[in-house]
Amino acid sequence: MPEAEQQNDANVPAGAGGDPPKTAKQLEKERLKAEKLAKLQAKLDKKAAAAPAAGDKKEKPEKRTKEVKEAAVYTAQTAPGEKKDLSGALPDAYSPRFVEAQWYSWWEKEGFFTPEYGRASIDDPNPNGKFVMIIPPPNVTGSLHLGHALTNAIEDAITRYHRMKGRTTLWVPGCDHAGIATQVVVEKLLWRDEKLSRHDLGREKFIERIWDWRREKGGRIYEQLKSLGSSYDWTRVAFTMDPKLCRAVTEAFVRLHEEGSIYRSSRLVNWSCTLRSAISDIEVDKVEIPGRTFLSIPGYEDKVEFGVLIKFAYKVEDTDEEIIVATTRIETMLGDTAVAVHPQDDRYKHLHGKFVVHPFSTRRLPIVCDEFVDMAFGTGAVKITPAHDPNDYEVGKRCNLPFITIFNDDGYIIGDYGEFTGMKRFECRKKILEKLKALNLYRETLNNPMVVPICSRSKDVVEPLIKPQWYVSCSDMAASATEAVRSGELKIIPEHHTKTWYHWMDGIRDWCVSRQLWWGHRIPAYHVSFTDPSLQAGSSAHGTVVRKKPTRIS
(Lines give C-alpha, C1' and ligand atoms only; values in the text may rest on other atoms or scores of the structure.)
Protein backbone atom coordinates (compact mmCIF):
# COMPACT_ATOMS: atom_id res chain seq x y z
CA MET A 1 0.00 0.00 0.00
CA PRO A 2 1.35 3.52 -0.81
CA GLU A 3 2.76 5.32 2.21
CA ALA A 4 0.38 8.27 1.76
CA GLU A 5 -2.61 5.93 2.06
CA GLN A 6 -1.22 4.37 5.28
CA GLN A 7 -0.88 7.77 6.85
CA ASN A 8 -4.41 8.70 5.87
CA ASP A 9 -5.75 5.51 7.52
CA ALA A 10 -3.87 6.22 10.70
CA ASN A 11 -5.34 9.67 10.87
CA VAL A 12 -8.93 8.35 10.82
CA PRO A 13 -10.48 9.20 14.23
CA ALA A 14 -11.37 6.19 16.49
CA GLY A 15 -14.92 5.23 15.94
CA ALA A 16 -15.16 7.03 12.68
CA GLY A 17 -16.80 4.62 10.30
CA GLY A 18 -16.68 1.85 13.15
CA ASP A 19 -17.60 1.30 16.86
CA PRO A 20 -17.97 4.33 19.10
CA PRO A 21 -14.98 5.04 21.39
CA LYS A 22 -15.10 3.22 24.83
CA THR A 23 -15.36 5.24 27.97
CA ALA A 24 -12.88 4.97 30.79
CA LYS A 25 -15.40 3.06 32.92
CA GLN A 26 -15.88 0.45 30.23
CA LEU A 27 -12.16 0.03 29.76
CA GLU A 28 -11.70 -0.46 33.52
CA LYS A 29 -14.47 -3.12 33.57
CA GLU A 30 -12.80 -5.03 30.76
CA ARG A 31 -9.47 -4.91 32.57
CA LEU A 32 -10.98 -6.37 35.77
CA LYS A 33 -12.74 -9.09 33.78
CA ALA A 34 -9.50 -10.05 32.09
CA GLU A 35 -7.77 -10.29 35.47
CA LYS A 36 -10.48 -12.61 36.83
CA LEU A 37 -10.26 -14.85 33.77
CA ALA A 38 -6.49 -14.99 34.16
CA LYS A 39 -6.78 -16.02 37.82
CA LEU A 40 -9.37 -18.70 36.99
CA GLN A 41 -7.13 -20.10 34.25
CA ALA A 42 -4.21 -20.19 36.66
CA LYS A 43 -6.26 -22.23 39.16
CA LEU A 44 -7.36 -24.69 36.49
CA ASP A 45 -3.75 -25.13 35.32
CA LYS A 46 -2.60 -25.76 38.89
CA LYS A 47 -5.36 -28.33 39.49
CA ALA A 48 -4.53 -30.13 36.24
CA ALA A 49 -0.85 -30.29 37.20
CA ALA A 50 -1.69 -31.76 40.63
CA ALA A 51 -4.14 -34.40 39.25
CA PRO A 52 -2.78 -38.03 39.37
CA ALA A 53 -1.78 -39.60 36.14
CA ALA A 54 -4.11 -42.14 34.52
CA GLY A 55 -4.00 -45.41 36.43
CA ASP A 56 -2.67 -43.85 39.60
CA LYS A 57 -4.70 -44.71 42.76
CA LYS A 58 -6.09 -41.82 44.71
CA GLU A 59 -5.17 -41.99 48.37
CA LYS A 60 -8.14 -41.88 50.74
CA PRO A 61 -7.91 -39.44 53.60
CA GLU A 62 -7.30 -41.15 56.91
CA LYS A 63 -10.48 -41.54 58.97
CA ARG A 64 -10.48 -39.99 62.36
CA THR A 65 -11.84 -42.33 65.02
CA LYS A 66 -13.65 -40.75 67.89
CA GLU A 67 -12.08 -41.66 71.16
CA VAL A 68 -14.62 -43.42 73.38
CA LYS A 69 -13.94 -43.31 77.06
CA GLU A 70 -15.19 -46.17 79.17
CA ALA A 71 -17.66 -45.23 81.88
CA ALA A 72 -16.10 -45.18 85.31
CA VAL A 73 -17.03 -47.98 87.70
CA TYR A 74 -16.76 -48.25 91.45
CA THR A 75 -13.72 -50.41 92.28
CA ALA A 76 -13.23 -49.87 96.00
CA GLN A 77 -13.20 -53.03 98.10
CA THR A 78 -16.44 -52.49 100.02
CA ALA A 79 -18.29 -55.50 101.41
CA PRO A 80 -22.02 -55.79 100.62
CA GLY A 81 -24.00 -53.93 103.28
CA GLU A 82 -21.13 -51.62 104.14
CA LYS A 83 -21.28 -47.89 103.41
CA LYS A 84 -19.78 -46.74 100.15
CA ASP A 85 -16.19 -45.49 100.31
CA LEU A 86 -16.03 -41.97 98.87
CA SER A 87 -12.46 -41.17 99.86
CA GLY A 88 -11.13 -41.78 96.36
CA ALA A 89 -11.16 -39.40 93.43
CA LEU A 90 -14.44 -38.83 91.64
CA PRO A 91 -14.66 -39.68 87.91
CA ASP A 92 -14.18 -36.89 85.35
CA ALA A 93 -17.62 -37.48 83.79
CA TYR A 94 -20.94 -38.62 85.23
CA SER A 95 -21.20 -42.41 85.41
CA PRO A 96 -24.48 -43.97 86.62
CA ARG A 97 -22.70 -47.23 87.43
CA PHE A 98 -20.25 -45.42 89.68
CA VAL A 99 -22.87 -43.24 91.37
CA GLU A 100 -25.41 -46.02 92.04
CA ALA A 101 -22.95 -48.71 93.14
CA GLN A 102 -22.93 -50.02 96.73
CA TRP A 103 -25.60 -47.74 98.17
CA TYR A 104 -28.63 -50.04 98.07
CA SER A 105 -27.19 -52.91 100.09
CA TRP A 106 -26.19 -50.41 102.80
CA TRP A 107 -29.68 -48.81 102.83
CA GLU A 108 -31.19 -52.29 103.12
CA LYS A 109 -28.85 -53.37 105.94
CA GLU A 110 -29.49 -50.19 107.91
CA GLY A 111 -33.25 -50.73 107.61
CA PHE A 112 -33.94 -47.24 106.30
CA PHE A 113 -37.04 -48.46 104.41
CA THR A 114 -38.71 -50.33 107.26
CA PRO A 115 -41.49 -48.67 109.26
CA GLU A 116 -39.59 -49.54 112.46
CA TYR A 117 -36.60 -47.33 111.55
CA GLY A 118 -36.10 -44.55 114.10
CA ARG A 119 -38.96 -45.72 116.32
CA ALA A 120 -38.89 -47.52 119.64
CA SER A 121 -41.95 -49.55 118.73
CA ILE A 122 -44.08 -49.72 115.63
CA ASP A 123 -47.12 -50.18 117.88
CA ASP A 124 -46.70 -46.71 119.40
CA PRO A 125 -48.98 -44.14 117.75
CA ASN A 126 -47.24 -41.70 115.42
CA PRO A 127 -48.64 -38.13 115.67
CA ASN A 128 -47.61 -37.58 112.03
CA GLY A 129 -49.75 -40.50 110.89
CA LYS A 130 -48.85 -43.47 108.72
CA PHE A 131 -48.67 -44.38 105.04
CA VAL A 132 -48.90 -47.94 103.70
CA MET A 133 -48.81 -49.01 100.04
CA ILE A 134 -48.53 -52.37 98.26
CA ILE A 135 -46.79 -52.78 94.92
CA PRO A 136 -49.07 -53.77 92.02
CA PRO A 137 -47.27 -57.13 91.79
CA PRO A 138 -45.55 -57.79 88.44
CA ASN A 139 -45.85 -61.26 86.93
CA VAL A 140 -43.13 -63.70 87.97
CA THR A 141 -42.76 -64.87 84.36
CA GLY A 142 -41.61 -61.55 82.98
CA SER A 143 -39.07 -58.81 83.47
CA LEU A 144 -39.68 -55.15 84.13
CA HIS A 145 -40.33 -52.82 81.21
CA LEU A 146 -40.63 -49.05 80.84
CA GLY A 147 -44.20 -49.05 82.18
CA HIS A 148 -43.07 -50.74 85.39
CA ALA A 149 -40.20 -48.26 85.72
CA LEU A 150 -42.54 -45.28 85.31
CA THR A 151 -45.08 -46.57 87.85
CA ASN A 152 -42.30 -47.53 90.24
CA ALA A 153 -40.70 -44.09 90.05
CA ILE A 154 -44.00 -42.36 90.85
CA GLU A 155 -44.79 -44.69 93.75
CA ASP A 156 -41.25 -44.36 95.12
CA ALA A 157 -41.54 -40.57 95.06
CA ILE A 158 -44.86 -40.76 96.94
CA THR A 159 -43.40 -43.17 99.51
CA ARG A 160 -40.27 -41.07 100.12
CA TYR A 161 -42.41 -37.94 100.47
CA HIS A 162 -44.45 -39.48 103.28
CA ARG A 163 -41.32 -40.90 104.92
CA MET A 164 -39.71 -37.44 104.91
CA LYS A 165 -42.86 -36.01 106.46
CA GLY A 166 -42.14 -38.17 109.51
CA ARG A 167 -44.95 -40.66 108.95
CA THR A 168 -44.66 -44.38 109.69
CA THR A 169 -44.17 -45.55 106.13
CA LEU A 170 -44.34 -48.99 104.55
CA TRP A 171 -44.08 -49.90 100.87
CA VAL A 172 -44.53 -53.67 100.42
CA PRO A 173 -42.78 -55.40 97.49
CA GLY A 174 -43.87 -58.66 95.92
CA CYS A 175 -44.57 -60.70 92.82
CA ASP A 176 -47.67 -62.31 91.28
CA HIS A 177 -47.70 -66.05 90.56
CA ALA A 178 -49.26 -65.38 87.11
CA GLY A 179 -51.33 -68.58 86.98
CA ILE A 180 -51.93 -69.00 83.24
CA ALA A 181 -48.65 -67.46 82.06
CA THR A 182 -46.47 -69.49 84.44
CA GLN A 183 -48.22 -72.78 83.68
CA VAL A 184 -47.86 -72.17 79.93
CA VAL A 185 -44.13 -71.38 80.27
CA VAL A 186 -43.36 -74.49 82.32
CA GLU A 187 -45.51 -76.69 80.07
CA LYS A 188 -43.56 -75.49 77.02
CA LEU A 189 -40.23 -76.15 78.76
CA LEU A 190 -41.40 -79.61 79.83
CA TRP A 191 -42.41 -80.50 76.28
CA ARG A 192 -39.27 -79.01 74.73
CA ASP A 193 -36.84 -80.76 77.09
CA GLU A 194 -38.61 -84.06 77.86
CA LYS A 195 -41.50 -84.35 75.39
CA LEU A 196 -43.90 -84.68 78.35
CA SER A 197 -47.20 -82.98 79.14
CA ARG A 198 -48.36 -81.96 82.60
CA HIS A 199 -50.80 -84.86 82.51
CA ASP A 200 -47.88 -87.25 82.00
CA LEU A 201 -46.30 -85.94 85.20
CA GLY A 202 -49.45 -85.61 87.29
CA ARG A 203 -50.58 -82.63 89.34
CA GLU A 204 -48.24 -82.87 92.33
CA LYS A 205 -45.04 -83.40 90.34
CA PHE A 206 -46.00 -80.70 87.86
CA ILE A 207 -46.50 -78.20 90.71
CA GLU A 208 -43.06 -79.16 92.04
CA ARG A 209 -41.57 -78.36 88.61
CA ILE A 210 -43.20 -74.92 88.68
CA TRP A 211 -41.80 -74.19 92.15
CA ASP A 212 -38.35 -75.24 90.92
CA TRP A 213 -38.69 -72.88 87.96
CA ARG A 214 -39.88 -70.08 90.23
CA ARG A 215 -36.92 -70.52 92.59
CA GLU A 216 -34.55 -70.41 89.63
CA LYS A 217 -36.07 -67.49 87.71
CA GLY A 218 -38.25 -65.64 90.20
CA GLY A 219 -35.55 -63.40 91.71
CA ARG A 220 -34.87 -61.47 88.53
CA ILE A 221 -37.65 -58.93 89.06
CA TYR A 222 -36.60 -58.24 92.65
CA GLU A 223 -33.06 -57.45 91.50
CA GLN A 224 -34.45 -55.09 88.85
CA LEU A 225 -36.55 -53.28 91.48
CA LYS A 226 -33.48 -52.87 93.66
CA SER A 227 -31.44 -51.54 90.72
CA LEU A 228 -34.07 -48.79 90.37
CA GLY A 229 -33.31 -47.71 93.94
CA SER A 230 -36.89 -48.29 95.09
CA SER A 231 -37.42 -47.83 98.82
CA TYR A 232 -39.24 -51.12 99.53
CA ASP A 233 -39.24 -52.92 102.85
CA TRP A 234 -37.68 -56.20 101.70
CA THR A 235 -38.22 -57.82 105.09
CA ARG A 236 -41.90 -58.02 104.15
CA VAL A 237 -41.59 -59.16 100.51
CA ALA A 238 -44.53 -61.36 99.49
CA PHE A 239 -45.28 -63.87 96.73
CA THR A 240 -48.94 -64.45 95.96
CA MET A 241 -48.56 -68.22 96.45
CA ASP A 242 -46.94 -67.88 99.89
CA PRO A 243 -48.85 -69.86 102.56
CA LYS A 244 -50.02 -66.72 104.40
CA LEU A 245 -51.46 -65.25 101.20
CA CYS A 246 -53.10 -68.58 100.31
CA ARG A 247 -54.84 -68.49 103.69
CA ALA A 248 -55.91 -64.89 103.06
CA VAL A 249 -57.36 -65.76 99.64
CA THR A 250 -59.30 -68.69 101.10
CA GLU A 251 -60.64 -66.53 103.94
CA ALA A 252 -61.72 -63.79 101.52
CA PHE A 253 -63.41 -66.29 99.19
CA VAL A 254 -65.38 -67.92 102.01
CA ARG A 255 -66.50 -64.57 103.45
CA LEU A 256 -67.64 -63.28 100.05
CA HIS A 257 -69.46 -66.54 99.35
CA GLU A 258 -71.24 -66.40 102.70
CA GLU A 259 -72.45 -62.86 102.04
CA GLY A 260 -73.60 -63.77 98.53
CA SER A 261 -71.02 -61.79 96.58
CA ILE A 262 -69.48 -64.97 95.14
CA TYR A 263 -71.71 -67.58 93.52
CA ARG A 264 -71.54 -70.49 91.09
CA SER A 265 -73.43 -70.49 87.80
CA SER A 266 -73.46 -72.27 84.45
CA ARG A 267 -73.23 -69.77 81.63
CA LEU A 268 -71.21 -68.97 78.52
CA VAL A 269 -67.52 -68.33 79.17
CA ASN A 270 -64.50 -67.54 77.03
CA TRP A 271 -62.89 -70.95 76.64
CA SER A 272 -59.35 -71.61 75.43
CA CYS A 273 -59.15 -75.15 74.05
CA THR A 274 -55.34 -75.01 74.16
CA LEU A 275 -55.26 -74.01 77.84
CA ARG A 276 -58.36 -76.05 78.63
CA SER A 277 -59.49 -73.18 80.81
CA ALA A 278 -61.89 -70.29 80.98
CA ILE A 279 -60.28 -66.87 80.55
CA SER A 280 -61.50 -63.38 81.38
CA ASP A 281 -62.74 -60.80 78.87
CA ILE A 282 -59.52 -58.81 79.26
CA GLU A 283 -57.50 -61.85 78.16
CA VAL A 284 -59.33 -61.98 74.81
CA ASP A 285 -57.81 -60.02 71.91
CA LYS A 286 -60.34 -58.78 69.36
CA VAL A 287 -58.52 -59.26 66.05
CA GLU A 288 -60.14 -57.46 63.12
CA ILE A 289 -59.73 -59.04 59.69
CA PRO A 290 -60.82 -57.34 56.44
CA GLY A 291 -62.27 -60.46 54.84
CA ARG A 292 -61.11 -63.91 53.77
CA THR A 293 -57.98 -64.59 55.85
CA PHE A 294 -56.03 -67.69 56.83
CA LEU A 295 -54.73 -67.80 60.42
CA SER A 296 -52.30 -70.14 62.15
CA ILE A 297 -54.08 -71.88 65.04
CA PRO A 298 -52.33 -73.99 67.72
CA GLY A 299 -52.82 -77.71 67.11
CA TYR A 300 -53.42 -77.40 63.34
CA GLU A 301 -50.81 -77.96 60.64
CA ASP A 302 -52.70 -76.01 57.98
CA LYS A 303 -53.90 -72.44 58.39
CA VAL A 304 -57.61 -72.02 59.06
CA GLU A 305 -59.94 -69.84 56.99
CA PHE A 306 -61.80 -66.95 58.62
CA GLY A 307 -63.59 -63.85 57.33
CA VAL A 308 -66.18 -65.62 55.17
CA LEU A 309 -69.95 -65.93 55.49
CA ILE A 310 -71.34 -69.30 54.42
CA LYS A 311 -74.98 -69.61 53.37
CA PHE A 312 -76.79 -72.93 53.47
CA ALA A 313 -80.40 -74.13 53.49
CA TYR A 314 -82.55 -75.89 56.04
CA LYS A 315 -85.49 -77.79 54.51
CA VAL A 316 -88.89 -77.01 56.03
CA GLU A 317 -90.48 -80.18 57.37
CA ASP A 318 -93.15 -81.81 55.12
CA THR A 319 -92.86 -79.09 52.45
CA ASP A 320 -90.73 -78.23 49.44
CA GLU A 321 -89.72 -74.92 51.03
CA GLU A 322 -86.39 -74.04 52.57
CA ILE A 323 -84.96 -71.33 54.78
CA ILE A 324 -81.49 -70.03 53.95
CA VAL A 325 -79.31 -69.03 56.91
CA ALA A 326 -75.75 -67.71 57.08
CA THR A 327 -72.87 -68.26 59.52
CA THR A 328 -69.16 -67.53 59.93
CA ARG A 329 -68.74 -70.74 61.98
CA ILE A 330 -70.32 -73.49 59.91
CA GLU A 331 -69.18 -76.21 62.35
CA THR A 332 -71.56 -74.84 65.03
CA MET A 333 -74.58 -75.84 62.94
CA LEU A 334 -74.27 -79.25 64.61
CA GLY A 335 -75.50 -77.53 67.79
CA ASP A 336 -78.38 -75.59 66.18
CA THR A 337 -81.66 -75.96 68.05
CA ALA A 338 -83.84 -73.42 66.18
CA VAL A 339 -84.11 -70.94 63.32
CA ALA A 340 -85.19 -67.43 64.34
CA VAL A 341 -87.10 -64.88 62.24
CA HIS A 342 -88.51 -61.47 63.06
CA PRO A 343 -92.22 -61.68 64.02
CA GLN A 344 -93.07 -58.84 61.58
CA ASP A 345 -91.22 -60.32 58.60
CA ASP A 346 -93.92 -61.10 56.01
CA ARG A 347 -91.61 -63.52 54.16
CA TYR A 348 -91.78 -66.04 57.00
CA LYS A 349 -95.16 -65.45 58.67
CA HIS A 350 -96.61 -68.56 57.07
CA LEU A 351 -93.80 -70.62 58.64
CA HIS A 352 -94.33 -69.51 62.25
CA GLY A 353 -94.53 -72.57 64.51
CA LYS A 354 -93.23 -74.98 61.87
CA PHE A 355 -89.99 -76.96 61.90
CA VAL A 356 -86.93 -77.42 59.73
CA VAL A 357 -84.99 -80.67 59.48
CA HIS A 358 -81.38 -80.95 60.59
CA PRO A 359 -79.40 -82.74 57.84
CA PHE A 360 -76.96 -84.49 60.18
CA SER A 361 -79.19 -85.56 63.09
CA THR A 362 -82.76 -86.53 63.85
CA ARG A 363 -83.34 -83.17 65.52
CA ARG A 364 -86.34 -81.03 64.48
CA LEU A 365 -85.56 -77.31 64.74
CA PRO A 366 -88.52 -74.99 65.49
CA ILE A 367 -88.90 -71.73 63.60
CA VAL A 368 -89.15 -69.19 66.43
CA CYS A 369 -89.92 -65.46 66.44
CA ASP A 370 -87.59 -62.99 68.13
CA GLU A 371 -87.21 -59.26 67.63
CA PHE A 372 -83.42 -59.42 67.86
CA VAL A 373 -83.37 -60.62 64.23
CA ASP A 374 -82.47 -57.91 61.72
CA MET A 375 -84.89 -58.32 58.80
CA ALA A 376 -82.64 -56.30 56.49
CA PHE A 377 -79.50 -58.37 57.13
CA GLY A 378 -78.89 -61.36 54.92
CA THR A 379 -81.98 -63.52 54.44
CA GLY A 380 -83.65 -62.31 57.65
CA ALA A 381 -83.38 -65.83 59.11
CA VAL A 382 -80.81 -66.74 61.78
CA LYS A 383 -79.60 -70.15 62.92
CA ILE A 384 -79.64 -70.39 66.72
CA THR A 385 -76.86 -72.22 68.59
CA PRO A 386 -77.57 -71.36 72.25
CA ALA A 387 -74.60 -73.25 73.70
CA HIS A 388 -71.95 -71.59 71.51
CA ASP A 389 -72.90 -67.97 70.85
CA PRO A 390 -73.67 -65.08 73.29
CA ASN A 391 -76.61 -63.70 71.27
CA ASP A 392 -78.03 -67.15 70.62
CA TYR A 393 -77.65 -67.91 74.33
CA GLU A 394 -80.07 -65.07 75.16
CA VAL A 395 -82.51 -66.17 72.44
CA GLY A 396 -82.34 -69.71 73.78
CA LYS A 397 -83.31 -68.52 77.25
CA ARG A 398 -86.17 -66.37 75.94
CA CYS A 399 -87.56 -69.10 73.73
CA ASN A 400 -86.87 -71.99 76.14
CA LEU A 401 -84.67 -73.84 73.64
CA PRO A 402 -82.38 -76.79 74.42
CA PHE A 403 -78.69 -75.97 74.94
CA ILE A 404 -76.57 -78.58 73.15
CA THR A 405 -72.79 -78.53 73.63
CA ILE A 406 -70.95 -79.98 70.64
CA PHE A 407 -67.30 -79.38 71.73
CA ASN A 408 -65.35 -80.95 74.55
CA ASP A 409 -62.69 -79.06 76.52
CA ASP A 410 -60.07 -79.75 73.83
CA GLY A 411 -62.24 -78.54 70.95
CA TYR A 412 -63.24 -81.96 69.58
CA ILE A 413 -66.77 -82.73 68.35
CA ILE A 414 -68.86 -84.70 70.85
CA GLY A 415 -72.35 -86.13 70.47
CA ASP A 416 -74.06 -88.43 67.99
CA TYR A 417 -72.98 -86.85 64.71
CA GLY A 418 -71.61 -89.82 62.82
CA GLU A 419 -68.36 -89.19 61.00
CA PHE A 420 -68.06 -85.69 62.51
CA THR A 421 -67.81 -87.01 66.08
CA GLY A 422 -64.23 -86.96 67.34
CA MET A 423 -63.00 -84.46 64.74
CA LYS A 424 -61.23 -81.22 65.64
CA ARG A 425 -63.56 -78.25 65.34
CA PHE A 426 -61.78 -76.61 62.37
CA GLU A 427 -61.26 -79.91 60.55
CA CYS A 428 -64.99 -80.48 61.03
CA ARG A 429 -65.59 -77.06 59.47
CA LYS A 430 -64.17 -78.22 56.14
CA LYS A 431 -65.92 -81.60 56.28
CA ILE A 432 -69.36 -80.10 56.96
CA LEU A 433 -68.96 -77.77 54.00
CA GLU A 434 -68.21 -80.77 51.76
CA LYS A 435 -71.28 -82.64 53.03
CA LEU A 436 -73.58 -79.65 52.58
CA LYS A 437 -72.45 -79.39 48.98
CA ALA A 438 -73.05 -83.10 48.48
CA LEU A 439 -76.60 -82.75 49.86
CA ASN A 440 -77.24 -79.70 47.66
CA LEU A 441 -77.80 -77.54 50.76
CA TYR A 442 -74.81 -75.24 50.24
CA ARG A 443 -75.68 -71.92 48.63
CA GLU A 444 -72.68 -69.55 48.57
CA THR A 445 -69.62 -68.15 50.40
CA LEU A 446 -69.26 -64.39 50.79
CA ASN A 447 -66.34 -62.23 51.85
CA ASN A 448 -67.10 -60.97 55.37
CA PRO A 449 -65.02 -58.54 57.46
CA MET A 450 -65.21 -59.73 61.07
CA VAL A 451 -63.61 -59.80 64.49
CA VAL A 452 -61.94 -63.03 65.61
CA PRO A 453 -61.56 -63.52 69.39
CA ILE A 454 -58.02 -64.71 70.12
CA CYS A 455 -56.70 -65.91 73.48
CA SER A 456 -53.87 -63.54 74.41
CA ARG A 457 -52.09 -66.36 76.27
CA SER A 458 -52.25 -69.28 73.83
CA LYS A 459 -53.13 -67.51 70.52
CA ASP A 460 -55.97 -70.00 70.09
CA VAL A 461 -59.41 -68.94 68.82
CA VAL A 462 -61.66 -68.48 71.84
CA GLU A 463 -64.68 -70.77 71.89
CA PRO A 464 -67.85 -69.76 73.80
CA LEU A 465 -68.76 -72.74 75.98
CA ILE A 466 -71.29 -73.24 78.76
CA LYS A 467 -69.39 -74.11 81.92
CA PRO A 468 -70.18 -74.06 85.64
CA GLN A 469 -67.92 -71.32 86.96
CA TRP A 470 -67.54 -69.10 90.02
CA TYR A 471 -68.46 -65.44 89.68
CA VAL A 472 -68.11 -62.27 91.72
CA SER A 473 -71.22 -60.09 91.65
CA CYS A 474 -70.12 -56.66 90.42
CA SER A 475 -73.39 -54.68 90.22
CA ASP A 476 -73.27 -53.25 93.76
CA MET A 477 -69.59 -52.39 93.47
CA ALA A 478 -70.19 -50.67 90.13
CA ALA A 479 -73.05 -48.64 91.60
CA SER A 480 -70.83 -47.52 94.49
CA ALA A 481 -68.01 -46.61 92.10
CA THR A 482 -70.40 -44.56 89.95
CA GLU A 483 -71.80 -42.72 92.97
CA ALA A 484 -68.30 -41.96 94.27
CA VAL A 485 -67.52 -40.04 91.06
CA ARG A 486 -70.89 -38.30 90.88
CA SER A 487 -70.59 -37.11 94.50
CA GLY A 488 -67.06 -35.80 93.97
CA GLU A 489 -65.51 -38.21 96.48
CA LEU A 490 -63.46 -39.68 93.63
CA LYS A 491 -62.10 -37.43 90.87
CA ILE A 492 -61.23 -38.68 87.38
CA ILE A 493 -58.36 -36.70 85.82
CA PRO A 494 -58.61 -35.60 83.02
CA GLU A 495 -62.31 -35.00 83.59
CA HIS A 496 -63.42 -36.02 80.08
CA HIS A 497 -62.61 -39.65 80.99
CA THR A 498 -65.58 -39.56 83.36
CA LYS A 499 -67.82 -40.67 80.48
CA THR A 500 -65.60 -43.72 79.97
CA TRP A 501 -65.87 -44.50 83.68
CA TYR A 502 -69.68 -44.37 83.60
CA HIS A 503 -69.72 -46.48 80.43
CA TRP A 504 -67.66 -49.18 82.12
CA MET A 505 -69.67 -49.13 85.31
CA ASP A 506 -73.08 -49.10 83.59
CA GLY A 507 -72.15 -52.04 81.37
CA ILE A 508 -70.45 -54.07 84.10
CA ARG A 509 -70.71 -57.86 84.01
CA ASP A 510 -70.11 -60.29 86.84
CA TRP A 511 -66.49 -61.36 87.02
CA CYS A 512 -65.57 -64.99 86.33
CA VAL A 513 -62.83 -65.82 88.87
CA SER A 514 -62.38 -69.57 88.29
CA ARG A 515 -59.73 -71.03 86.00
CA GLN A 516 -59.15 -74.66 85.08
CA LEU A 517 -55.47 -74.60 86.06
CA TRP A 518 -53.13 -76.62 88.23
CA TRP A 519 -50.98 -73.65 89.25
CA GLY A 520 -52.70 -71.06 91.41
CA HIS A 521 -55.13 -70.71 94.29
CA ARG A 522 -57.61 -73.56 94.47
CA ILE A 523 -61.22 -72.60 95.07
CA PRO A 524 -62.18 -74.00 98.49
CA ALA A 525 -65.30 -75.78 97.22
CA TYR A 526 -65.73 -79.54 97.34
CA HIS A 527 -68.29 -81.98 96.01
CA VAL A 528 -69.67 -84.22 98.73
CA SER A 529 -70.95 -87.73 98.03
CA PHE A 530 -72.43 -89.77 100.88
CA THR A 531 -71.76 -93.50 100.60
CA ASP A 532 -73.27 -94.34 103.99
CA PRO A 533 -77.11 -94.44 103.62
CA SER A 534 -77.53 -93.36 107.25
CA LEU A 535 -75.87 -90.01 106.47
CA GLN A 536 -78.33 -89.22 103.69
CA ALA A 537 -81.33 -88.81 105.94
CA GLY A 538 -82.70 -85.29 105.69
CA SER A 539 -80.18 -84.24 103.04
CA SER A 540 -79.40 -84.87 99.39
CA ALA A 541 -76.88 -87.51 98.43
CA HIS A 542 -74.70 -84.99 96.64
CA GLY A 543 -73.86 -81.38 97.12
CA THR A 544 -71.21 -78.65 96.97
CA VAL A 545 -69.74 -77.23 100.15
CA VAL A 546 -67.42 -74.25 100.61
CA ARG A 547 -64.87 -74.76 103.38
CA LYS A 548 -62.01 -72.72 104.79
CA LYS A 549 -59.76 -75.74 105.19
CA PRO A 550 -58.69 -77.54 101.98
CA THR A 551 -60.03 -80.88 103.19
CA ARG A 552 -60.93 -83.44 100.55
CA ILE A 553 -64.35 -84.97 101.21
CA SER A 554 -65.52 -88.08 99.38
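Leaving aside neighbours within four places in sequence, Ser95 is in contact with Ala71 and Ala72; contact means heavy atoms within 4.5 Å. Ser95 is buried, at a relative accessible area of 1%. Buried means under 20% relative accessible area, exposed over 50%, and partly exposed in between, with a 1.4 Å probe and protein chains only. The residue sits in the loop between helix H2 (24-50) and helix H3 (96-100). Helices (H or I, at least four residues) and strands (E, at least two) are DSSP runs, numbered from the N terminus.

Asp85 is found in the loop between H2 and H3. Asp85 is partly exposed, with a relative accessible area of 39%. Neighbours within four places aside, its contacts are Tyr74, Ala76 and Thr78. Asp85 and Ala278 lie 193 residues apart in sequence and 55 Å apart in space, C-alpha to C-alpha.

## Model basis

This is a predicted model: local features need pLDDT of at least 70, side-chain atom pairs count only at pLDDT 80 or more, and totals for chains, interfaces and linings use all residues. Residues are numbered from 1 along each chain as its sequence is written, and side-chain values use heavy atoms, with hydrogens and water left out.

## Overall form

The chain holds 14 helices and 21 strands. Its radius of gyration is 41 Å, whereas a compact globule of 554 residues would have one near 24 Å. That radius is taken over C-alpha atoms, and the globule rule is 2.2 Å times the number of residues to the power 0.38. Along its principal axes the C-alpha trace spans about 160 × 90 × 60 Å.

Of the 554 residues, 35% count as buried. Among contacts with a separation of 6 or more, 69% come from residues 24 or more positions apart. The chain exposes about 35200 Å², and carbon and sulfur atoms supply 54% of that area. Accessible areas come from the Shrake-Rupley method with a 1.4 Å probe; for residues, only the protein chains shown count as cover.

## Charges

The chain has 81 positive and 77 negative charges, and their mean positions are 3 Å apart. Lys and Arg count as positive, Asp and Glu as negative; His and the chain ends are not counted. Each charge is placed at NZ of Lys, CZ of Arg, CG of Asp or CD of Glu.

## Nonpolar cores

The largest nonpolar core has 38 residues. Such a core is a set of buried Ala, Val, Leu, Ile, Met, Phe, Trp, Tyr and Cys residues joined through side-chain atoms within 4.5 Å. Ile323, Met333, Leu334 and Ile432 have the most contacts inside the largest core. Elements giving two or more residues to this core include strand E5 (262-272), strand E10 (308-316) and helix H12 (425-438). E10 gives the largest share, six residues.

A second, separate core of 25 residues includes Tyr104, Phe206, Ile207 and Met241.

## Backbone exceptions

Most residues other than glycine have a negative phi, and most peptide bonds are trans. Lys195 has a positive phi of about 55° although it is not a glycine. Lys195 lies in the loop between helix H6 (179-194) and helix H7 (198-201). Arg276, also not a glycine, has a positive phi of about 55°. Its place is the loop between E5 and strand E6 (277-279). Arg276 is partly exposed, at a relative accessible area of 28%.

A cis peptide bond joins Ile493 and Pro494, with omega about -5°. Pro494 lies in the loop between helix H13 (475-486) and helix H14 (498-506).
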